[in-house]
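Me: I'd like to learn how to read a fold like this one, feature by feature. Could you walk me through it?

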Amino acid sequence: MEKIKLYIDEDLTDRIAVALRSKGYDAVSAHEVNMRSKTDREQLEYATKHKCVILTRNIKCFVNLQREYYKEGLSHSGIVVTNYLPLKELIRRITKFLNEKRPSDIKNCLDWLQSYK
């Protein structure tokens, strides 16, 4: 089964990517690839170019971006949004998401990490 590659937006700590990689997941943070201070659209474009699902806490902006992409007929690899969670709980939910979903399940979709309690 094809696995999701995860790109973590700059509004979340790069420790998430480190922790996920230590568990064998393909994850990278915006902090690690010099994408700090880029617009939300640039973050989504970067994730899409690298075939990654983006994880962000910037719910409002990425819900709007999802709508814009749909209206413009653009494609992306997927968006996962979350509210603030303690690091350990965040990693637990992300791990559950990554174990349950395939890239084709999330392509051009927005999902809520709260669904993976």
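Me: Let's start with Phe97: is it buried or exposed?

Reply: This is a predicted model, so take every value as computed from it. Buried means under 20% relative accessible area. Phe97 has 1%, so it counts as buried.

Me: And which ring does Phe97 pair with?

Reply: The general idea is that a pair of aromatic rings is described by the distance of the centres and the angle of the planes. The structure holds two such aromatic pairs. One of them has a tilted geometry: Tyr7 and Tyr46 sit 4.9 Å apart, centre to centre, with 40 degrees between the planes. The pair with Phe97 is formed with Tyr116, and that one is edge-to-face, at 5.3 Å centre to centre and 85 degrees between the planes. These two residues come from distant parts of the chain, 19 residues apart: Phe97 belongs to helix H4 (residues 87-100), Tyr116 to the segment after E5.

Me: How accessible is Tyr116?

Reply: Tyr116 has a relative accessible area of 4%, so it is buried.

Me: How many bridges join E1 to E2, and how many join E1 to E3?

Reply: E1 and E2 run parallel and are joined by four bridges. E1 (residues 5-8) also runs parallel to E3 (residues 53-56), with three bridges between them. On the E2 side, Tyr7 stands opposite Val28. On the E3 side, the bridge partner of Tyr7 is Ile54. Leu6 has a bridge partner in E3 as well, namely Val53.

Me: Which hand does the β-α-β unit of E1, H1 and E2 have?

Reply: It's right-handed: the unit is made of E1, helix H1 (residues 15-22) and E2.

Me: Now the backbone angles. Which phi value does Asn34 have, and where does Asn34 lie?

Reply: Asn34 has a positive phi of about 55 degrees, even though it is not a glycine. You'll find Asn34 in the loop between E2 and helix H2 (40-49). The exposed class begins over 50%, and Asn34 has 68% relative accessibility, so it counts as exposed.

Me: And what does Lys51 show?

Reply: Lys51 is another residue other than glycine with a positive phi, near 55 degrees. Its place is in the loop between H2 and E3. With 64% relative accessibility, Lys51 counts as exposed.

Technical notes: Residues are numbered from 1 along each chain as its sequence is written. This is a predicted model: local features need pLDDT of at least 70, side-chain atom pairs count only at pLDDT 80 or more; totals for chains, interfaces and linings use all residues. Side-chain values use heavy atoms; hydrogens and water are left out. Two strands pair if DSSP finds at least two bridges between them. Buried means under 20% relative accessible area, exposed over 50%, partly exposed in between (1.4 Å probe, protein chains only). A crossover is right-handed if, with the strands pointing away from the viewer, the path from the first strand over the helix to the second runs clockwise. Rings of Phe, Tyr and Trp (its six-membered ring) pair if their centres lie within 6.5 Å; planes under 30 degrees apart count as stacked, over 60 as edge-to-face and the rest as tilted.
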